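User: I would like to learn how to read a protein structure. Could you take me through some features, one at a time?

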Amino acid sequence: MAKLPPPPLGFLFSHPAHFVACGFGSGLSPFAPGTAGTLFAWATFPLLAWAMAPTWLLVFLALAFAVGVAAAHRTGADLGVVDHGAIVWDEIVPFWLVLFLCPAGWLWQTAAFFLFRFFDIVKPWPANYFDEQVKNGFGVMTDDLFAALYTIGVLLGASALLARL
């Protein structure tokens with residue numbers, strides 16, 4: 001399937017759901033919007049981590065996921081494509097979770113970025129189920145949540161292995 005062009009800038013401001021689902025504009029990137037959304041998450045995570053205690057950050061992430069389900073659903077319906085490339089909130093929130101659980105340091109975060117993008121693109125089971133079969137905002141958000149869980153598993157496994165060496 002050919003990649004669709006990003007919607008015009010005016011679309012971003014035509015409804016609050018569009019502004020959120022399109023990652024505050026990061027999803028309007030004409031090149032690799034999912035990667036742009038993930039980079040946006042990486043750039044903004046330090047502010048979130050600074051502003052909130054860990055427990056509140058987890059609560060915020062859960063709420064951001066729930067809001068994302070509704071925003072992605074509305075935006076997909078308005079664009080006529082359930083999981084349009086401009087919808088990147090599904091990359092942002094799960095990658096914030098990855099960074100929250102990632103071992104400290106920029107090398108770990110860089111590995112997390114590439115692992116997350118890999119798992120988001122490859123979509124191993126059950127991510128592929130949610131991507132292919134659940135055609136609504138919940139499916140859009142959940143396939144990337146599984147990419148995050150795979151990323152976290154690899155990072156924590158590698159960290160535990162390296163700690164034993």
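**Reading the features**

Analyst: Begin with burial along a helix. In H8, the buried residues are Gly137, Gly139, Val140, Met141, Thr142, Asp143, Asp144, Ala147, Ala148, Thr151, Ile152 and Leu155. Keep in mind that this is a predicted model.

User: What do the buried residues of H8 pack against?

Analyst: The buried residues of H8 pack against H4, H5, helix H6 (106-122) and helix H7 (127-133).

User: Next, salt bridges. How many does a search of the whole structure find?

Analyst: The search finds four salt bridges. To count as one, a side-chain nitrogen of Lys or Arg must be within 4 Å of a carboxyl oxygen of Asp or Glu. Take Asp78 and Arg74: their side chains meet with N to O at 2.7 Å.

User: Where do Asp78 and Arg74 lie?

Analyst: Both are in helix H4, four residues apart, about one turn of the helix. The general idea is that an α-helix has 3.6 residues a turn, so residues three or four places apart point the same way.

User: Which residue forms a salt bridge with Asp120?

Analyst: Asp120 forms a salt bridge with Lys123, and their closest N and O atoms are 3.0 Å apart. Both Asp120 and Lys123 are buried. Lys123 also forms a salt bridge with Asp143, where the closest N and O atoms are 2.7 Å apart. That pair links distant parts of the chain: Asp143 is in helix H8 and Lys123 is in the loop between H6 and H7, 20 residues apart. Asp143 counts as buried because its relative accessibility is 1%, and Lys123 counts as buried because its value is 14%. Through shared partners, salt bridges join Arg117, Asp120, Lys123 and Asp143 into one network.

User: How many aromatic pairs does a search of the whole structure find?

Analyst: The search finds 15 aromatic pairs. One of them is Phe24 with Trp89, an edge-to-face pair with 5.5 Å centre to centre and 90° between the planes. This pair also links distant parts of the chain, 65 residues apart: Phe24 is in the loop between helix H2 (16-21) and helix H3 (33-51), and Trp89 is in helix H5 (residues 89-101). Phe24 is partly exposed, at 37% relative accessibility, whereas Trp89 is buried, at 6%.

User: Which residues form one aromatic cluster?

Analyst: The cluster is made of Phe13, Phe19, Phe24, Phe40, Phe60, Trp89 and Trp96.

User: Finally, which residues form a nonpolar patch on the surface?

Analyst: Trp56, Val59 and Leu63 form the patch, and together they have about 340 Å² of accessible area. Of these, take Leu63, which is found in helix H4 (residues 54-79). Leu63 has a relative accessible area of 54%, so it is exposed.

Technical notes. Residues numbered from 1 in each chain as written. Predicted model: local features only at pLDDT ≥ 70, side-chain atom pairs only at ≥ 80, totals over all residues. Heavy atoms only, no water. Phe/Tyr/Trp six-rings, centres within 6.5 Å; stacked < 30°, edge-to-face > 60°. Helix = DSSP H or I, 4+ residues; strand = E, 2+ residues; numbered from the N terminus. Buried < 20%, exposed > 50% of the residue type's maximum accessible area, 1.4 Å probe, protein only. Patch = residues over 30% accessible without salt bridge, like charges linked within 9 Å, V, L, I, M, F, W, Y side chains within 5 Å. Areas by Shrake-Rupley, 256 points an atom, 1.4 Å probe, with all protein chains shown as cover. Contact = heavy atoms within 4.5 Å.
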